[in-house]
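Here are a few notes to read alongside the model.

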Amino acid sequence: MIFAKIKTSLIGLTSVDRASLSLWRCQILAILRIELSKNFWGRRAMLLYLLALVPVVILFLLAIVDPDGASDISRDWNSSQQAFVNIFDALILRSVVFFGSTWIFMNLFRGEVVDRSLHYYFLAPLRREVLVAAKYIAGMVAAAVLFSFSTLGSIFFLYYARGYPANIDFLLDGGGWQQILAYEAITLLACLGYGAIFMFIGLFFRNPIIPGLVVYGWEWINFLLPPLLKKISIIHYLESHLPIPVDEGPFATIVAPTAVWISVPSLLIFTGLVLTLTAIRIRRMEIRYGME
Amino acid sequence: MRVEYRPEELIVFEDVSKFYGEILGVNRINLTIEPGITSLVGPNGSGKTTLMNLMTGLIQPTRGEIRLLGIAPTDPEQLFRRVGYCGQFDSFPRGVTGYQFVNSFLRVHGYEKRQAEEKAWQAIERVDLVEAASRKVAGYSKGMRQRIRLAQSIAHEPQVMILDEPLNGLDPMARAETIRIFRELAREGMHLIISSHILHEVDTMSDRVVLINNGYILAEGGVTGVREEIEDHPMQVMIRCNLPRELAARVFAAPHVVEAQLHPDRQGLFVKTTDPDEFFLMMNRLAIESSVVIESVTPVDDDLAAVYHYLIGSSGGGEV
Ligand SMILES: Nc1ncnc2c1ncn2[C@@H]1O[C@H](COP(=O)(O)OP(=O)(O)O)[C@@H](O)[C@H]1O
Ligand SMILES: [Mg+2]
């Protein structure tokens, strides 16, 4: 008798949860449609396209337009790859993904406060936690698509200059496709990590420029830091997985790269933590739009 | 006979205060709003928007508790299935058309594509914007923007609709049209809470009026009750003039003047009147007809009367 009761209430509970879950999924998809069209077609998107194009254009110039560059790449493939990893590290990760994520994620909520349109979300039958999740996903999708394009586009020109059939041979048999996967995965991890940091900064700081610059500087001096501090950064974990180690110069402190099974979960946990804090913040957020 | 309502039908403020830092928004509000049309009337800065933002969870009370139909404003998932809010912000998401604006937020509600389309068009039809719906909101006139925001907030057919100064800034035509829509919604059983800073703009359509000033509720009740309560309460005015004795004698003859008292400096007098409209008309007449030179007529700060004077938008030209 009592078991039957417990059973029915348990069934009730799970069915409610299932209804909620499907509602949340619908809502997240609806928000994604709104946010992605903003991220990809809005006026703010132009800058992102330009940014994402920079590495592709540079590789195009170095590998195709510059005849010396092209012949260097086909002659000395090993040092070309070393050069590429440095470009990937300095230009794509530390600059394009960094600033692109700053732009996308700092504006996730800020942009709508500036436009005075955030209240429309707050006045829908929508949990604010679901809104935070949806906005973060929208930012991730935009960042992932754009910066994957930067990475893959750059690699394309590198391989193109290598010449056929050497490039296909390397791709299939020389470990090429594993490298490309690694570059791609690192790009996505960078979006994840920097996305979380800048969503946090965008919400918790009135003026995000200073903390943004601090993070930027911190990531750049990372190679000089003592081992323990080194691990308090995004770039350390990203560099740990580069297919070819990047040369940090004579002053760098040497630290063993962190294993994938530590670094990826660490980044995910960090992201989860930041999302939780953001959700708490957004739950308490008041619509004032700095006026009246 | 009074109808007894259950808490699930009411909007209840229990000892609610809101401070913006040091600035008082509203203070110690105890208010129960019943179904029907309720107007929230008070001058600018009196706390109308604050009350409405509190109801809808856009801001949180410093003290006290609020329930709408038994639901806390901190639970938007439940609240906004049954409540709609058309606020004062005349702003929109970037680059949307009228239809996209209404439709996209219906999808956020969780409606399927078909249902959302249907409800969006219904709402747009209701505010008579079908033709403009495919144009960008950025190109709309003020009245059209107001109407598309109204459509957006009623599209999910809420039971309670909260509207912050919905008539403000509309031309007479648009105003009449908007009032017609409100009446229609009320007839269909929707409860409306409408704010305004002009009493006579809303009192004829309201079942109840709540008067608010400086963050405090001054009076509430049926429209006639509130009017009577105010009218029974004399307004005090100070008049500066060259011949106060003479003027005192003349104004005291009027039936609506209950008291006339000389100012100690003999340069003016205090008058209490139960009918500010009539009183200001009389002052205008006296200024023209008599030999008394009237320098100024100022209502002495007496909350209820001063607010009332402000709200009825008296033609007397007194500064409040
Ligand atoms: N965001 C805010 N920051 C500081 N003070 C505010 C803010 N919003 C409203 N106020 C103050 O609260 C009081 C009530 O304002 P409000 O609710 O907007 O009045 P109303 O809508 O009746 O014009 C005013 O004194 C106003 O200056
Ligand atoms: Mg207001």
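1. A quick term to begin with: a residue counts as near a molecule if one of its heavy atoms lies within 4 Å of it. Keep in mind that this is a predicted model. Residues from both chain A and chain B surround ligand 1, so we're looking at a site shared between chains.

2. Who sits around the ligand? There are 15 residues around ligand 1, and G45(B), G47(B), K48(B), T49(B) and T50(B) come nearest. In chain B, β2 (23-33) and α1 (48-55) each supply at least two residues of the shell. Sorted by class, that shell has 7 polar, 5 nonpolar and 3 charged residues.

3. Now zoom in on the oxygen atoms of ligand 1. A side-chain N or O atom of T50(B) is 2.5 Å from one oxygen atom of the ligand. For T49(B), a polar side-chain atom lies 2.6 Å from a ligand oxygen, while G45(B) uses a backbone N or O atom, also at 2.6 Å from an oxygen of ligand 1. On its own the ligand has 560 Å² of accessible area, and the protein covers 81% of that.

4. The largest cavity has a volume of about 140 Å³.

5. What lines the largest cavity? Its lining has 16 residues, with Y120(A), L123(A), Y85(B), Q152(B) and S153(B) nearest the centre. Two or more residues each come from α5 (119-122) of chain A and from β5 (83-86), α3 (98-109) and α5 (142-154) of chain B. β5(B) gives the most, with 4 residues. By class, the lining has 8 nonpolar, 7 polar and 1 charged residues.

Conventions: Residues numbered from 1 in each chain as written. Chains lettered and ligands numbered in written order. Predicted model: local features only at pLDDT ≥ 70, side-chain atom pairs only at ≥ 80, totals over all residues. Heavy atoms only, no water. 1 Å grid on protein atoms, 1.4 Å probe; cavity = no way out; pocket = protein on both sides within 12 Å on 5 of 7 lines; lining within 4 Å. Points joined across faces, edges and corners; volume = space filled by probe spheres on them. Nonpolar A, V, L, I, M, F, W, Y, C, P; charged D, E, K, R; others polar. Polar contact = N/O pair within 3.5 Å; in protein donor to acceptor, adjacent residues only side chain to side chain. Areas by Shrake-Rupley, 256 points an atom, 1.4 Å probe, with all protein chains shown as cover.
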